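Subject: Structure handover

Hello,

Please find the structure below, with notes on what turned up in it.

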Amino acid sequence: MSNPLRLGIAGLGTVGVGTVRIVQRQAALLTARTGRDITISAVSAQTRDKDRGVRLGDYAWEDDPVALARRDDVDVFVELIGGEDGPAKAAVEAAIESGKHVVTANKALLAMHGQALAEAAEAQGVTIRFEAAVAGGIPVIKALTEGLAGNEITRVMGVMNGTCNYMLTRMQNDGLSYDAVFKECEELGYLEADPTLDVGGIDAGHKLAILSAIAFGTQVDFDALTIEGIERVTIEDIEQAADMGYRIKLLGVAQMSGRGLEARMTPCLVPASSPLGQLEGPTNMVVLEGDSVGQIVLRGAGAGEGPTASAVMGDVCDIARGLNLPVFGVPAAELKPVAKSNQASPSSYYIRMELFDKPGALARVATVMGDAGISIDRMRQYGHSSENAPVLIVTHKAAKDALDTALAALPGTGVLASEPVALRIEDA
Ligand code: HSE
């Protein structure tokens, strides 16, 4: 077949090798679906002499991904190196300058430099596609930019870091501490080289920043997110939340209101019976809400060779078919800077604390809540094992300012035996 689409693949780790495998194994299918042969001209990685379990001898080799990106026999530069700066960024910029489309799985690069790269690509008449960057094999970018193009998006939510969801599920189901599960993940090789990217919520935050930009037509702005990782989630909170009918998830939520964009990636409680509450193990879930469609739920593998390479190849196929959409769904020049809401939308909160077990302690806490304008929905004291009384409160919807006022006033009651833990309860 004439007019093949020729790929240059930079990065031959799990996803790069998976992409090569699909190109080789599904050649006939890819041609039937796109009307073009999809071929690989050249590849690049840090180490050449390594058995990757895949045939690479037919392809030219480049030590330098920038040289790969500039090759005349490459139509699409596939960036699977990773990292927000360094060779990945240099090579993507070189590809764009050379008038080549880019397909990437690099969430950090897009979250930090997405606007500049989109402007550069659109000025050159090429596109950057990044389905693999968000929630691995789940086609969420395509769902937002194409399937839901007729909707005003009202909210985007998701569990988008499989490692954190695995850790929280393991704590929940097996009663293990955070430290024990972290160690297990280290041994299993589930954590990123810098584990803070996972457990600190940064990897998931990068993904949310990208989704939020597409959903609300803004420039990507990672700094507009509130991010908190799962490092401080305890088995006690997981168990107490479960007892109250909730699960704790590292949940991303982005929503736009008259006050501006509210976007956070934080540990939250969700109803145990909700799709997000039922999500176990390393699986990802993205919930999209639009004014016409209502709510849709997408669930699938957020990482791994097959799922991530599947997303890469979906993008490659779209380019082969001639699709050249604006990088973030609308032309980059029309994307507005993020106007960040200075106030989180009202929410119920879970508050756990230990009180000195003495007459009037609960009443003092209730008074602080009432004085802050917070109405208590449920409150209970549970199993004492010491002279202190652990107490759980679930509030009715309250403003974040009111919660902060109450939390600041609680030590003044003189009845607190531990610092309170407060977690948002998200309607899911
Ligand atoms: N470390 C990520 C996760 C995979 O656990 O979901 C890629 O972002």
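The second largest cavity has a volume of about 70 Å³. A cavity here is a set of points, on a 1 Å grid over the protein atoms alone, where a 1.4 Å probe fits but cannot get out. Grid points are joined across faces, edges and corners, and a volume is the space filled by probe spheres set on the points. This is a predicted model, in which local features need pLDDT of at least 70 and side-chain atom pairs count only at pLDDT 80 or more, while totals for chains, interfaces and linings use all residues. Residues are numbered from 1 along each chain as its sequence is written, and side-chain values use heavy atoms, with hydrogens and water left out.

Lining residues have an atom within 4 Å of a point. For the second largest cavity they are Leu168, Thr169, Gln172, Asn173, Ile238, Arg247, Ile248, Lys249, Gly277 and Glu280. Helix H7 (162-174) and strand E9 (246-257) are the elements that give two or more residues to this lining, and H7 gives the most, with four residues. Helices (H or I, at least four residues) and strands (E, at least two) are DSSP runs, numbered from the N terminus. By class, the lining of the second largest cavity has three nonpolar, four polar and three charged residues. In this scheme Ala, Val, Leu, Ile, Met, Phe, Trp, Tyr, Cys and Pro count as nonpolar, Asp, Glu, Lys and Arg as charged, and the others, Gly among them, as polar.

The structure holds four cavities of 30 Å³ or more. The largest cavity has a volume of about 130 Å³. Its lining is made of 14 residues, and Ile128, Arg129, Ile141, Pro326 and Val327 are the ones that lie nearest its centre. Strand E6 (128-129) and helix H6 (140-147) each supply at least two residues of the lining of the largest cavity; the largest share, four residues, comes from H6. The classes in this lining are six nonpolar, three polar and five charged residues. Domain 1 (5-133) and domain 2 (140-301 + 327-334) both give residues to the lining, so the largest cavity lies between them.

Buried means under 20% relative accessible area, exposed over 50%, and partly exposed in between (1.4 Å probe, protein chains only). Not counting residues up to four places away in sequence, Ile128 touches Ile96, Val102, Thr104, Leu110, Leu117, Ala118, Ala121 and Val327. Contact means heavy atoms within 4.5 Å.

Two single residues follow. Glu122 lies in helix H5 (residues 107-124) and is partly exposed, with a relative accessible area of 26%. Leaving aside neighbours within four places in sequence, Glu122 is in contact with Pro326, Val327, Val330, Pro331 and Ala332. His101 is found in strand E5 (residues 101-104) and is buried, with a relative accessible area of 18%. With residues up to four places away in sequence not counted, His101 touches Asp75, Val76, Phe77, Gly125, Val126, Thr127, Ile319 and Asn324.

The domain assignment gives domain 1 (5-133), domain 2 (140-301 + 327-334) and domain 3 (348-425); such bounds come from an automatic or database domain assignment. The centres of domain 2 and domain 3, taken over C-alpha atoms, are separated by 27 Å. Their contact takes 14 residues from domain 2 and eleven residues from domain 3.

The second largest pocket holds about 810 Å³ of space. A pocket is an open set with protein on both sides within 12 Å along at least five of seven lines. Domain 2 and domain 3 both give residues to its lining, so the second largest pocket lies between them. Of its 30 lining residues, Glu228, Thr266, Lys400, Ala422 and Leu423 lie nearest its centre. The largest share of this lining, six residues, comes from strand E10 (260-271).

Regards
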